[in-house]
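Please look over the sequence and the model shown below before reading on. The report that follows takes up charged pairs, overall fold, a hairpin and a loop.

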Amino acid sequence: GGTCRRFRPSPNGPASVGAARTRWPVRLVAEFAAPAPPARRSRRLELAVPLIVVVLDQLTKWLVRTRIPLHDSVEVIPNFLDLTHVRNTGAAFGFLNGVDFPGKTLVIAVVAIGALIGVAVYSGTIAGEHILPRLGLALIIGGAAGNLVDRVFLGSVVDFVDAYWGSFHFWAFNVADSAITVGVALMILDMIGAGTHVSHPD
């Protein structure tokens, strides 16, 4: 008798095409549902921290502007800490506040924008596992942005934290200045080897 051969459908036949059409929506959903890579997820720090700093900074400044008249003070800790509503046309901690020149507000704002862009670009180059410098730069960006909002919309920065001892008064500052200071401190700690490095699985 003759040999009977079974017919196997071609992999490129109608059945295979139908199966492929059935599978592609499943693959598409799986790709969107899959968690983002660790490097992409970790960049949320650079967005969340500056946003929190700007919100807190602007909220406290709004409270000072609406509750404390300009140059008035509210005692918080006797002989140590007051809330004093002052305006700063210079840089952080009153730097250049006593110096006046044409276009001063515009010049300082342009310098601040340039520095902000530079820090933001540099921040994007830091590896995701370097937590300390990323946090430091995020705080610096948030602080710079908070003061920049004042310069653009008010023409000067609202300062209100007045720390003093006896007759000595430290420069008045705000939440944005504090964020910048802490951010710089974290960057210094990282440079001297105190950085926190978190490894992510591949």
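Which residue forms a salt bridge with Arg134, and how far apart are the closest N and O atoms? The partner is Glu46, and the closest N and O atoms of the pair are 2.7 Å apart; a salt bridge here is a side-chain nitrogen of Lys or Arg within 4 Å of a carboxyl oxygen of Asp or Glu. Because Arg134 lies in helix H5 (residues 131-154) and Glu46 in helix H3 (residues 44-67), the pair ties together parts that are 88 residues apart in sequence.

Arg134 counts as buried at 1% relative accessibility, and Glu46 counts as buried as well, at 15%. Buried means under 20% relative accessible area, exposed means over 50%, and partly exposed lies in between, with a 1.4 Å probe and protein chains only.

## How the model is read

This is a predicted model, in which local features need pLDDT of at least 70 and side-chain atom pairs count only at pLDDT 80 or more, while totals for chains, interfaces and linings use all residues. Residues are numbered from 1 along each chain as its sequence is written, and side-chain values use heavy atoms, with hydrogens and water left out.

## Overall fold

The protein has six helices and four strands, and along the sequence they follow the pattern α-α-α-β-β-α-α-β-β-α. Helices (H or I, at least four residues) and strands (E, at least two) are DSSP runs, numbered from the N terminus.

Of the 202 residues in the protein, 29% are buried. The protein exposes about 13,300 Å², and carbon and sulfur atoms supply 69% of that area, as computed by the Shrake-Rupley method with a 1.4 Å probe, where for residues only the protein chains shown count as cover. Among contacts (heavy atoms within 4.5 Å) with a separation of 6 or more, 67% are between residues 24 or more positions apart.

Asp150 counts as buried at 1% relative accessibility, and Lys61 is buried with a relative accessible area of 0%. As a general point, side chains of opposite charge can pair when their charged atoms come close.

Strand E1 (residues 73-77) and strand E2 (residues 81-88) run antiparallel and are joined by four bridges, where two strands pair if DSSP finds at least two bridges between them. Ile77 stands opposite Leu81 in E2. The two strands E1 and E2 form a hairpin with three residues between them, and in the turn Asn79 has a positive phi of about 60°.

## An exposed tryptophan

Is Trp171 buried or exposed? Trp171 is exposed, with a relative accessible area of 55%, and this residue is found in the loop between strand E4 (168-169) and helix H6 (175-194). Trp171 and Val161 are ten residues apart in sequence, and their C-alpha atoms are 8.5 Å apart in space.
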